[in-house]
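I opened this model to look up a few things about its chains and how they pack. My entries follow in the order I made them.

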Amino acid sequence: MRHLFQNPVLRWLMRNPIWGFVLIVFIFFSLSSDHFFDARNFQNILVQTSTIGLIALGMTLVMINGNIDLSVGATLALAAAFAVDVQSWAMFATWGNWQILPAVCLALLVGIAMGAINGFIVWKTGVDAFIVTLGAMLGIRGLVFVYTGEQSFYAMNFAYSDFSAFSVGPLPVLALIFLLCVLAVHWLLSRTVHGRNTYAVGGNREAAVNAGIRVGPHMMINFMIIGFLAALSGVLLSTQMGAATPNLGRDYELWVITAVVLGGTKLTGGKGDIIGTLGGVLAIGILRNGMNLMQVPAFYVYVILGSILIAVLFLDKRFNTSTDGGLRL
Amino acid sequence: MTRLKAGGPAIAKQGILVAFIVFMIAFSLMSDRFLSADNIMSVFRQSAIIGVMAIGVTIVVIGGNLDLSVGSMLSFATVLVVDLHDKIGPELAIPVMVLATLCLGAINGFLIGILRLNSLIVTLGMLSAIQGLVLIYSGGQNVDIVDQRGTWFAIFGRGAVFGIATPIIIFGALALIFHVIMTTMPFGRRVHAVGGNPTASVFSGIPRSRVVFMTYLISALCVAIAAIILGSRVMGSQNNVGQGYELQVLAAVILGGTSLLGGSGSILRTVLGVLMLAFIQNGLILMGQPYYTQWLVTWAVIIVAVWLDVAAKRGRLFSPIA
């Protein structure tokens, strides 16, 4: 039995239990549903996962910092509204399909700006990120309603709503963008000074300050990254729908946090990685997709996901006794 | 003026009260309907549901934990009491619903108090799970009470005693009772101790697990009472009626100056936070603003209120972080 645990694959799974879970649900649905194990369905899962997944990448950085961002759903809606609306501004009327470019750029800038506001307030006031972004969640949603006047916007340019139908080889373009972002953020977190600082700030803020890391601007950059990713997610979601509604992205912050925590990132900061987060979002994506294919009412997915979240927390507490599970706000 | 006196001037400690008065004066100058007795009564009545829930959440937060599941729990309790009203009658529906809701609170309390799991994640999971339970129970259908005029159940949301609407009386009475419990009784001191310093509280012989468990039971009880008011007022329920309430409630609690670190906070100041949010909403609508402008104002008010609080404690306005 002992030599089993020398096996590198098994040892890796022990360290990343969420991937074991992904494997189990994957095998389960492959055996029990006729339509699950199918290249088209895998493409679907990746596209469905990309919306939550993109934000989860940013949330991983912010949570490793020991912060949290509850405003991502609202930021997503604001960016989507800008992306769809700006295209139809009169000043871009003669630009043809190029009118999409300033719209998307502006939407992404708005996302970065929202993140910068959150980050700046956290930095300068020293108020906890939970409170700052809870306020921003309400406030940015208010901005969405002010901007849209409670209306939905529809993309008049079909090149915009056709974008999500493109594929690059076997990969849908939305899935490709998501996977590229996974690689980029993984590289940022594991190979750069900024990534090392992210762990340092979350692990021991005092020590990070003493080591000469400028903690305030550092945290602000991570908030800008999550703002950018939330905006990107909003743009991609609006290409899928060809529209932006003011209530887009409600409750997404809860799904994202669920995915990131499933992936093993600690709320206390200092611990977590992108590989785990990818496992977390895939676990949720596969569960929702598979249960959908098996015609389980969507209601049960909520119960099962909630139970899994609590079970993971319980198992983590049982087996990783060295880590403190306490809330640090 | 970046350096404040250590401990802060007295006025900074009462930031919420000052802001409250400023807002009241500003609104009453801008709208002549604002300060009428009718309007004030209707604001009180509207704030009762969030207010009752905020009382329970304040106690949980003083104990050093969070409760994000109150929104789903409100959906659960309201759907249950409205649905059972026509099936087994209100005199049975109310106790059954209260018991069921207390069971949910007990699950929270068991996982967080006894097993010591992280409260944010547990109640986040419960938020999702309870929402699922509601949908399974109702089959995705909305529920309502058929005979709306003939039932005495109407008294909780629509009735009045001595000319004061029942929701206000329930809200006021609960606030007073729990304020007295939290400030004068041993249980209140224990909750403060557990939230302020868990380790020290265990060394002084306080049953930490049981105290935390109790705070979640109280929170569930408050949700059940809020559900009675809501169900009786609407005489029906959508199955996601409480969606988003958890964060509005938390916003009111934070505005009232209760520290998310635990150990400090007060029920009466939470009531002030609830009323302030309700008056901001009401005042902006009376001024002819669309309802969503209140969210923008709430954003600014929450951050400035907590900022002043934090600044007064550390004795300087800006954070010393580089």
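I started with helix 3 and helix 13 of chain A, whose crossing is right-handed. In my notes a crossing is left-handed if the near helix is turned anticlockwise from the far one by less than a right angle, and right-handed if clockwise. Helices (H or I, at least four residues) and strands (E, at least two) are DSSP runs, numbered from the N terminus.

Before going on I noted the ground rules. This is a predicted model, where local features need pLDDT of at least 70, side-chain atom pairs count only at pLDDT 80 or more, and totals for chains, interfaces and linings use all residues. Residues are numbered from 1 along each chain as its sequence is written, and chains are lettered from A and ligands numbered from 1 in the order in which they are written.

**Helix 3 with helix 13, chain A**

I looked up the geometry next. The axes of helix 3 (residues 39–64) and helix 13 (residues 274–293) of chain A come within 9 Å and cross at roughly 145°. Axes are lines fitted to C-alpha atoms, for helices over the stretch in contact, and angles run from 0 to 180 degrees between N-to-C directions. On the helix 3 side of chain A I listed contact residues including A:Ile45, A:Gln48 and A:Ile52. Helix 13 of chain A brings, among them, A:Val281, A:Gly285 and A:Asn289. Two residues are in contact if their C-beta atoms, placed from the backbone, lie within 7 Å. The residues of this contact divide into nine nonpolar, nine polar and no charged. Ala, Val, Leu, Ile, Met, Phe, Trp, Tyr, Cys and Pro count as nonpolar, Asp, Glu, Lys and Arg as charged, and the others, Gly among them, as polar.

**Helix 4 with helix 11, chain A**

I found helix 4 (residues 72–86) of chain A packing on helix 11 of chain A at an angle of about 55°, with the axes 7 Å apart. That makes helix 4 of chain A oblique to helix 11 of chain A. Angles under 35 degrees count as roughly parallel, over 145 as roughly antiparallel, 65 to 115 as roughly perpendicular and the rest as oblique. This crossing of helix 4 and helix 11 of chain A is right-handed.

**Chain A against chain B**

How many residues does each chain give to the contact? I noted 45 from chain A and 40 from chain B. Helix 6 of chain A supplies the largest share of the chain A side, 14 residues. The chain A side has 30 nonpolar, 10 polar and five charged residues.

I then followed helix 6 of chain A to helix 14 of chain B. Their axes come within 7 Å and cross at roughly 160°. Helix 6 of chain A and helix 14 of chain B are therefore roughly antiparallel. The crossing of helix 6 of chain A with helix 14 of chain B is left-handed.

**Last checks**

Just after helix 14 of chain B, B:Gly315 takes a positive phi of about 80°. I counted 14 helices and four strands in chain A. Chain B also comes to 14 helices and four strands. The C-alpha trace of chain A spans about 70 × 55 × 35 Å along its principal axes. For chain B the spans are about 65 × 55 × 35 Å.
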